[in-house]
Every structure is written in structure tokens, then in C-alpha cells.
Amino acid sequence: MGVAIMPSVYIKTYGCQMNERDSEAVAAQLAAKGYTLAPSEAAADVILLNTCSVRDMAEQKAIGKMQNIAAEVRKHRPSVVLGFMGCMAQSRGQQLLDQLPEVSLVVGTQKFHRTAEYLDEIFQGKRKKIVDVGTEAGSEAAIKEHLPLSQKPIAPVTAFVSIMQGCNQYCTFCIVPFTRGEERSRTIPDILEECRQLAQNGAKEITLLGQIVTSYGKRDIPLREGRSAFVQLLEAVHELEGLERIRFTSPHPKGYGDDLVEAYRRLPKLCQSAHLPVQSGSDRILKAMHRGYTRQRYLDIIKKLRQAQPGMGVTTDIIVGFPGETEEDFCQTLSLVREVEFDNAYIFKYSPRHDTPAAVMAGQVPQPVKEERNARLLTEINAIGRAHYDQRVGQTVQILVEGPSKKNPSRLTGRTRCNKIVVFEGSDRHHGQLLDLKITRAGSFTLYGDPAILNLA
Ligand code: SAM
């Protein structure tokens with residue numbers, strides 16, 4: 001009897017780093033069951049789209065993509081299995097099968113780890129269509145596998161680790177509590193074991209991921225010497241041998257305690273970068289968003305962080321055109337941006353989301369106004385970012401060399417401790433090293449180091 005050839009799978013990911021991490025864990029689980037990973041859609045027996053629901057545009061993109069794939073496979077490769085995973089799969093469920101009859105699998109955010117099992121059932125002919133968007137106890141600890149080094153083009157020196165799932169904040173604009181469920185945290189020993197394995201396999205930098213990491217373990221792990229569960233986790237990860245750098249995303253200003261600020265002073269591996277979503281500079285809008293902090297509270301956190309680490313790189317998320325946002329509210333966001341001098345910011349035009357309170361609030365802002373505010377804010381952020389990057393020219397910075405630059409693979413790229421990308425001309429032997437580089441030039445949100453003054457000591 002011949003050996004059955006296992007199907008190959010291609011996963012395309014939309015959205016945030018958590019989605020990237022979920023996709024990698026699913027790929028690793030599939031590989032462990034014998035599935036192969038296809039290098040492209042065209043070569044795959046299974047095509048899975050891991051989706052994002054945060055804005056309507058992200059949903060439309062994934063649906064449009066699946067429509068194109070479905071049209072192609074219907075004509076030329078009808079045996080290909082198509083599936084949706086993740087946030088949009090969770091929020092739309094069965095509706096996706098009704099809309100796209102070529103799709104056979106819909107896997108929600110608490111069921112990623114069941115993907116391999118469901119594909120087996122489809123290939124064995126046990127079931128034709130599967131939709132699973134239920135809740136599952138313990139699913140927060142099911143995203144821990146990483147692809148083996150043999151499946152990677154180069155050994156990764158950075159890694160993401162999901163420490164929790166869900167969000168209980170219920171910001172009025174946000175669909176995440178509905179797509180990701182209630183906050184559920186993994187245990188510290190479980191997370192440590194994953195980080196230890198990664199460090200043993202060569203990871204030097206780990207980014208701890210959660211929708212709201214400042215809420216990590218709040219209900220299960222008591223304060224210790226006034227330190228929150230999240231700070232206790234940082235301390236534990238900090239002890240791991242071989243690990244050089246720790247980052248995390250995203251914290252929430254509401255839960256950003258002094259113990260976390262202090263951690264930046266005490267823990268040398270904690271990189272001097274903070275991504276702290278502000279959303280708006282107007283107290284009126286922050287209240288309507290149900291963010292749970294004021295402009296002043298946000299500014300105080302940034303001040304304390306910069307006192308703890310003067311070189312701190314600070315980035316944020318901002319929404320423009322939230323319902324009821326007036327020109328004056330928007331000007332307060334502009335003034336906050338000038339005051340904080342963010343290194344960079346992700347700007348989002350408010351997108352009404354199904355079943356969220358803001359979607360039905362009075363004062364929805366017309367699209368052209370959102371576009372105009374988006375453009376003005378972008379100009380401001382770019383100018384501030386430009387000045388920050390220019391200031392780095394002539395300075396020596398430490399980078400962790402991650403691999404070839406995406407734009408020009410003959411060059412290498414890495415990031416500074418405050419999370420700025422640096423491109424330089426090096427060689428394979430620099431991969432995975434912590435290097436001190438002198439910055440010679442600043443581009444748009446990129447720094448360049450000169451190989452002639454590489455410190456190779
Ligand atoms: N949990 C983090 C927080 O709220 O601080 C961020 C997670 S969210 C997936 C990433 C960003 O998307 C948010 O910070 C917000 O700026 C943006 N976002 C969320 N819902 C949005 C909506 N309905 N319209 C536009 N942008 C939105």
C-alpha cells in the first residue's frame with residue numbers, strides 16, 4: 001500500500017500581530033499532523049484566510065479575496081478546500097457559507113487549534129461543511145506551537161507569544177470583545193515554557209501579545225509586593241537565559257500602573273519602546289469611547305515613562321471621525337500629538353461595527369471629513385516622526401539583526417531598542433547578533449547604518 005500524500009495548506013493573514021501569531025500556531029499544528037505548507041495559493045490543496053474584523057475594510061478585503069479564489073478554483077481546481085478563520089469567521093459564522101458556497105470551513109477565534117482535526121474530517125469525507133464558532137474553555141492556552149526551524153527560511157531571532165485572549169474593556173467603537181470573547185489569561189509557567197523553548201531555538205527577542213496586556217492575569221494572579229500579574233510575568237520572562245530583549249503590545253492606559261513604569265527602570269531586557277493606544281486627545285470623545293482615562297492621565301503616563309527611560313520610543317493608535325467628533329475635538333487630538341511627539345502613530349478612520357454602541361450613536365461623521373482629518377493628522381505625525389528620525393543621525397544605536405531587508409534583500413535589517421527599523425549592508429554572519437551601528441542617514445520611518453563604521457568587536 002502506498003503512503004498517502006498529505007494535502008498542502010496556504011494561510012493568508014489579515015490584521016494584527018495576534019492574527020499573525022494565530023496563523024503560525026495553526027500552521028505548526030497542521031505541520032505536526034503531516035500537512036505540508038504550500039508556498040503559494042496556486043500550489044495549495046487548502047487555502048485558509050485568517051481574517052480581521054476591526055474595520056469594515058478589512059472584512060471586505062478578505063471577502064473579496066475569497067470570491068476571487070472561489071471563482072478560480074471552481075473553474076480549474078474544484079477539489080481545493082477553502083476556509084475562513086479568526087475574527088470575521090467568528091462574527092459572521094454560517095453566513096459566510098451561505099454567501100460563498102465554495103467555502104467548506106469556518107473556524108472561530110476559540111477554535112484555531114481544531115483546524116487540523118476539521119480538515120482531516122473534510123478530507124476523510126466525514127463532513128462536507130464545518131462551522132465552529134463556539135466558546136471553548138482553555139482555548140487561551142492553545143496558541144503555543146511555533147513552526148520548527150526546519151520549516152523556516154532562516155532561524156528567527158524574534159518571536160511573538162500570545163499571553164491572553166479576549167478583552168473586557170468594551171470600548172464603544174470596538175468589535176474585539178465580541179470576536180475574541182472575555183479576557184482569559186495563560187498561566188505564567190505555561191508562557192515561560194514557550195519562551196524558554198523559543199530562546200533555546202535562538203530567539204533573542206520576544207514580544208508578549210494580548211488585546212489588553214495590562215489586564216493579564218488580573219483575576220487569577222494576586223498582586224505581589226504591589227506588582228501586577230503582568231509585571232510578575234515580565235520579571236519571570238526576564239530571568240530566561242539567552243533572551244536579550246522583551247517587548248509587549250498592546251497595553252491600555254487605564255491599567256498602566258506605576259509598577260509597569262518602574263519595570264522599565266528595573267528590567268534591562270525590557271526595550272525602551274511603548275505602544276500605547278490613545279485613540280483621541282479630547283476628554284469628551286474619550287468618555288464617549290468608554291476608554292476609562294482622560295487626556296491628562298495619558299500625558300502623565302508618557303511623562304513618567306520618559307522619566308524612567310529618556311530615550312523611550314512612543315507610538316500610538318488614533319481614531320479620527322468617531323461619532324460626535326467636532327473640529328475642536330479633533331484639534332485636541334492634534335495638540336496631544338504635538339505635545340507627546342509620537343515616533344509614529346497608526347491612524348484609523350472610524351468604521352461603524354456591527355452591534356457596537358458607537359455604530360448607532362448620533363453625529364456620525366461624514367466620510368470626507370474623516371478623510372480630511374486623517375490627512376491632516378498624517379501630515380503632523382510624519383513631520384514629528386521625520387524630526388525624531390533625523391535626530392538619530394550620527395548616533396550609535398544597538399540593533400538586533402533580524403534578516404534580509406524586505407525592500408532590498410541584499411541588505412540586512414534590524415530594530416533599535418526603541419523599535420526603529422535600521423537597514424545596513426552586512427553579511428550572513430551578522431544574523432541574530434546585537435550590533436552597535438552608527439546611523440548615517442534617516443529615511444521615512446527607516447534609519448540607515450554605514451557598514452564602514454560597523455562595530456564588529
Ligand atoms: N486593544 C488595544 C486598545 O484598544 O488599546 C488595540 C486593539 S485594536 C484591534 C487596534 C486598533 O484598531 C485600536 O487601537 C483602534 O485604534 C482601531 N480600531 C478599533 N476599532 C475601530 C473602529 N471601529 N474603527 C476604526 N478603528 C478602530
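User: Which residue in strand 13 does His275 stand opposite?

Analyst: Strands of a sheet pair through backbone hydrogen bonds, either parallel or antiparallel. In this model, which is a predicted one, His275 stands opposite Thr315 in strand 13. The strands concerned are strand 12 and strand 13 (residues 313–320), which run parallel and are joined by three bridges.

User: What is the order of the strands in the open sheet, and which strands stand at its edges?

Analyst: The sheet has three strands in the order 12-13-14, and their pairing is parallel. Strand 12 (273–275) and strand 14 (344–349) each have a single partner strand, so one side of each is left without a neighbour in the sheet. From one strand to the next the twist averages 10°.

User: Which parts are tied together by the pair of Glu59 and Arg353?

Analyst: The side chains of Glu59 and Arg353 meet in a salt bridge at 3.0 Å, N to O. Glu59 lies in helix 2 while Arg353 lies in the loop between strand 14 and helix 13, so the pair ties together parts that are 294 residues apart in sequence. Both Glu59 and Arg353 are buried.

User: Is Glu136 buried or exposed, and what is its salt-bridge partner?

Analyst: Glu136 has a relative accessible area of 18%, and because buried means under 20%, Glu136 counts as buried. Its salt-bridge partner is Arg114, with the closest N and O atoms 2.7 Å apart. Glu136 lies in the loop between strand 6 (130–132) and strand 7 (158–162), and Arg114 in the loop between strand 5 (103–107) and helix 5 (115–123), so the pair ties together parts that are 22 residues apart in sequence. Arg114, at 23% relative accessibility, counts as partly exposed.

User: Which residues touch the most other members of the largest nonpolar core?

Analyst: In soluble globular proteins, nonpolar side chains tend to be buried together. Here the largest nonpolar core has 71 residues, of which Ile163, Leu208, Phe230 and Phe248 touch the most other members. Helix 8 (residues 229–238) gives the largest share of this core, seven residues. If neighbours within four places in sequence are left aside, the contacts of Phe248 include Leu208, Phe230, Leu234 and Tyr256.

User: Where could I look to check the span of a helix, and what covers the buried residues of helix 7?

Analyst: Take helix 7 (residues 188–200), whose 13 residues should span 18 Å at 1.5 Å a residue, and whose end C-alpha atoms are 18 Å apart, which agrees. Among the buried residues of helix 7 are Ile188, Ile191, Leu192 and Cys195. What covers the buried residues of helix 7 includes helix 1 (17–32), strand 7, strand 10 (205–209) and helix 8.

Conventions. Residues are numbered from 1 along each chain as its sequence is written. This is a predicted model: local features need pLDDT of at least 70, side-chain atom pairs count only at pLDDT 80 or more; totals for chains, interfaces and linings use all residues. Side-chain values use heavy atoms; hydrogens and water are left out. Two strands pair if DSSP finds at least two bridges between them. Helices (H or I, at least four residues) and strands (E, at least two) are DSSP runs, numbered from the N terminus. Axes are lines fitted to C-alpha atoms, for helices over the stretch in contact, and angles run from 0 to 180 degrees between N-to-C directions. A salt bridge is a side-chain nitrogen of Lys or Arg within 4 Å of a carboxyl oxygen of Asp or Glu. Buried means under 20% relative accessible area, exposed over 50%, partly exposed in between (1.4 Å probe, protein chains only). A nonpolar core is a set of buried Ala, Val, Leu, Ile, Met, Phe, Trp, Tyr and Cys residues joined through side-chain atoms within 4.5 Å. Contact means heavy atoms within 4.5 Å. The expected span of a helix is 1.5 Å times one less than its number of residues.
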